[in-house]
Amino acid sequence: MFENLEEILIKYEDINMELASPDVTSDQRRFRNLMKEQSDLTPLVEAYTAYKKANQDIKDSLEMLEEENDEEMREMLKEELSSAKDKVAELEEKIKILLLPKDPNDDKNVIVEIRAGAGGDEAALFAAELFRMYTHYAEARRWKVEVVNSDETGIGGMKEVEFMVTGQGAYSVLKYESGVHRVQRVPETESGGRIHTSTASVAVMPEAEEVEVQIDEKDIRIDVMRASGNGGQCVNTTDSAVRLTHYPTGIVIYSQTEKSQIQNKEKAFALLRAKLYDMECQKAHDAEADARRSQIGTGDRSEKIRTYNFPQGRVTDHRIGLTLYKLDKILNGDIQEIIDACIAADQAAKLSKMEDKS
């Protein structure tokens with residue numbers, strides 16, 4: 001795995017030299033591509049540079065130990081040697097992780113679709129809570145959230161909601177949320193005090209560029225209509241809502257959150273592209289079943305991934321066996337600990353698979 005690191009180091013230095021060239025700075029597209037490449041390589045280059053220094057420290061300490069007779073000095077050199085060896089082992093693991101193949105969608109924005117499942121009104125209330133959870137999490141990371149479409153119930157629930165999250169690396173983090181989420185609690189409408197189990201499904205799709213998904217105009221029907229449901233001034237009095245029907249797949253997209261028909265159309269097409277791109281990604285996953293099983297939370301959308309148990313105040317992620325007793329904080333958007341654990345488990349599974357092959 002470490003064979004090409006010197007070549008990567010040379011490439012990184014070449015990129016830095018190119019970025020300093022006046023010819024590159026005048027070409028904005030080339031400049032942006034080089035800046036991104038530099039940014040992607042920086043963590044690996046820094047880790048490898050530190051790794052080389054730690055190895056040199058080991059060599060220097062061993063040489064000095066051979067020449068040193070003073071016992072106190074020898075003890076100090078032994079401590080430095082031990083510290084450098086620990087550093088090398090730590091950096092080796094870090095470099096292995098940085099060398100893992102990167103998901104090409106990781107840097108993309110996402111479109112998230114939450115649908116109430118089994119449980120009627122209680123499932124719709126839970127779907128609305130999941131939407132608020134992700135909204136608070138995105139806001140804490142200073143990401144932008146835009147609702148594309150929502151179907152709300154009269155008691156504050158959501159039968160479904162589709163929204164875009166715009167922010168650096170949004171997909172790399174939120175992709176672990178895809179799957180079935182389960183809630184166990186006593187509904188407010190339940191007089192008998194029995195615990196009910198309800199579900200909601202979450203689908204996280206990378207935003208797709210127009211060049212990545214070609215949509216033939218003949219395959220689309222576009223309908224415009226008056227928006228329904230709660231809305232501000234003008235929303236329900238003009239034909240601003242847009243419905244797209246994609247004939248080949250049967251996908252229907254409805255967008256009504258903006259006052260402008262043009263904006264709703266843009267959002268609807270963005271969601272359609274994401275769904276078509278996601279379908280292609282799912283086909284690729286199905287064709288590589290082993291790869292899908294080795295990944296955490298980016299495979300089967302019907303997989304039950306997490307349970308939110310209100311009586312015990314706990315949240316359990318079934319994929320990684322993690323249980324946290326801070327339900328209120330998690331539903332308020334504090335999900336970073338769960339995501340970090342999913343990322344670590346995913347990396348460990350990929351490392352294990354790579355080592356098995358080698």
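In which helix do Y48 and Y51 both lie, and how many residues apart are they?

Modeller: The model is a predicted one. Y48 and Y51 both belong to helix α3, which covers residues 28-67. They are three residues apart, about one turn of the helix. Their ring centres are 6.3 Å apart and the ring planes make an angle of 25°; planes under 30 degrees apart count as stacked, so this pair is stacked. Buried means under 20% relative accessible area, and Y48 has 10%, so Y48 is buried. Y51 is buried as well, because its relative accessible area is 14%.

Y48 also belongs to a nonpolar core of 23 residues, whose members include L34, A54 and L65. This core lies apart from the largest one, which has 36 residues.

The count of aromatic pairs comes to four. One of them is formed by Y137 and W143, with ring centres 6.1 Å apart. Their planes stand at 85°, and over 60 counts as edge-to-face, so that is the class of this pair. Y137 is buried, with a relative accessible area of 4%, and W143 is buried at 9%. A ring also takes part in another arrangement: the charged end of R185 sits over the ring of F310, 4.6 Å from the ring centre.

Next comes the sheet. Eight strands make up an open sheet with mixed pairing, in the order β2-β3-β1-β5-β4-β9-β10-β11. At its edges are β2 (144-152) and β11 (322-324), each of which pairs on one side only. Ignoring direction, neighbouring strands are turned against each other by 15° on average. β2 pairs with β3 (residues 158-166) in the antiparallel sense, over eight bridges. Within β3, M164 stands opposite E146. Helix α5 (residues 120-140) packs on this sheet and touches β1, β2, β3, β4, β5 and β9. The direction of α5 makes about 15° with that of β3.

The members that touch the most other members are I114, L130, Y134, V165 and Y308.

Two single residues complete the walk. V186 is found in the loop between β4 (179-185) and β5 (196-206). With a relative accessible area of 39%, V186 falls between the limits of 20% and 50%, so V186 is partly exposed. Beyond its neighbours within four places in sequence, V186 is in contact with G193, R194 and I195. The C-alpha atoms of V186 and H196 are separated by 5.8 Å, although the two residues are 10 residues apart along the chain.

H246 is found in strand β7, residues 241-246. H246 is buried, because its relative accessible area is 7%. Apart from neighbours within four places in sequence, H246 is in contact with D219, I220, I251, L272 and L276.

Technical notes: Residues numbered from 1 in each chain as written. Predicted model: local features only at pLDDT ≥ 70, side-chain atom pairs only at ≥ 80, totals over all residues. Heavy atoms only, no water. Helix = DSSP H or I, 4+ residues; strand = E, 2+ residues; numbered from the N terminus. Buried < 20%, exposed > 50% of the residue type's maximum accessible area, 1.4 Å probe, protein only. Contact = heavy atoms within 4.5 Å. Pairing = 2+ DSSP bridges. Axes fitted to C-alpha atoms, helices over the stretch in contact; angles between N-to-C directions. Phe/Tyr/Trp six-rings, centres within 6.5 Å; stacked < 30°, edge-to-face > 60°. Lys NZ or Arg CZ within 6 Å of the ring centre and 35° of its normal. Core = buried A, V, L, I, M, F, W, Y, C linked by side-chain atoms within 4.5 Å.
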